[in-house]
Amino acid sequence: PYAIIEARTKRFQDIASNFMSGIFMAVKSPFKVGDLIETNDIKGRVKRISLRATEMESLQGQFVVIPNQDVFQNPIINYSEPKRYRVDLECGVSYGDDLKKVKKVALEALDNTPNRLEGEDITFFYKEFGGSSINFQIRVWVEYLSHSDYLEARSEAIMSLKQAFDEADISIPFPIRTLDFGIRGGDTMQEMIEDPVKGLK
């Protein structure tokens, strides 16, 4: 039957395509066994590369097999090359704080981030006037040996920034929300306490 022939032809084409993709990947070597990569929405450590498929272990511990055709035809992010990673932190400070002081304190706080690359400057940018804060982003480059190193560096950077702001009396404001207690709108909580029937009129 035609359907069986078509299915077998497609299977043969897939096998050939995966095989050729495996050859091209072996020549170009976009990654090697042991590298941490992300492809086809999967992020994990490469365990084995054959001519037909790439075997990975995800960060959650699952074993994943991806046909080489899918790997070759989609973007690949190799986190192991070069061996560095940028930690990006976003935060906000009160409108009442001195912005020059905030920048100075933040840069000093992240200077001792674990595995920080000494040759790369820490960068700081104010981004926007938020609803309850002036928001900024601070970036620091760290040496990347494993994903846990990156997570540890980011965690330490967050703790260092919070501690430095506390010691310098710099506020990280909570989001501000306005609550309307009247059915008609525009009534304050104090007005509702003094006249509970008001909102029903």
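Two strands pair if DSSP finds at least two bridges between them. I kept that rule in mind throughout, along with the one for elements: helices (H or I, at least four residues) and strands (E, at least two) are DSSP runs numbered from the N terminus.

**Entry 1, ground rules.** I am working on a predicted model, in which local features need pLDDT of at least 70, side-chain atom pairs count only at pLDDT 80 or more, and totals for chains, interfaces and linings use all residues. Residues are numbered from 1 along each chain as its sequence is written, and side-chain values use heavy atoms, with hydrogens and water left out.

I counted five helices and eight strands. From the N terminus, I read the order as α-β-β-β-β-α-β-β-α-β-β-α-α. Of the 201 residues, 32% are buried (under 20% relative accessible area; exposed is over 50%, partly exposed in between; 1.4 Å probe, protein chains only). I then looked at contacts (heavy atoms within 4.5 Å): among those between residues at least 6 apart in sequence, 59% join residues at least 24 apart. The chain exposes about 13,300 Å², with 55% of it from carbon and sulfur atoms; accessible areas come from the Shrake-Rupley method with a 1.4 Å probe.

**Entry 3, strand S3.** I found S3 (residues 53-58) mostly covered, with five of its six residues buried. On one side I followed S3 to S2 (residues 42-49), an antiparallel pairing over five bridges. A hairpin of three residues joins these two strands, and Arg 48 stands opposite Glu 55. S3 also runs antiparallel to S4 (residues 63-67), again with five bridges. Here Ala 53 faces Pro 67. Four residues lie between S3 and S4 in their hairpin, where Gly 61 has a positive phi near 100 degrees.

I placed Thr 39 in strand S1 (residues 36-39). Thr 39 counts as buried because its relative accessibility is 1%. Leaving out residues up to four places away in sequence, Thr 39 touches Met 56, Ile 66, Val 71, Asn 74, Pro 75 and Ile 76. Its side chain reaches the backbone oxygen of Pro 75 at 3.4 Å.

I noted a nonpolar patch of about 270 Å² made by Met 20, Phe 24 and Phe 72. Patch residues have over 30% relative accessible area and no salt bridge, with nonpolar side chains joined within 5 Å and like charges within 9 Å; a salt bridge is a side-chain nitrogen of Lys or Arg within 4 Å of a carboxyl oxygen of Asp or Glu. Met 20 sits in helix H1 (residues 2-28) and counts as partly exposed because its relative accessibility is 40%.

Technical notes: A polar contact is a pair of N or O atoms within 3.5 Å; within protein, one must be able to donate a hydrogen and the other to accept it, and residues adjacent in sequence count only if both atoms are side-chain atoms.
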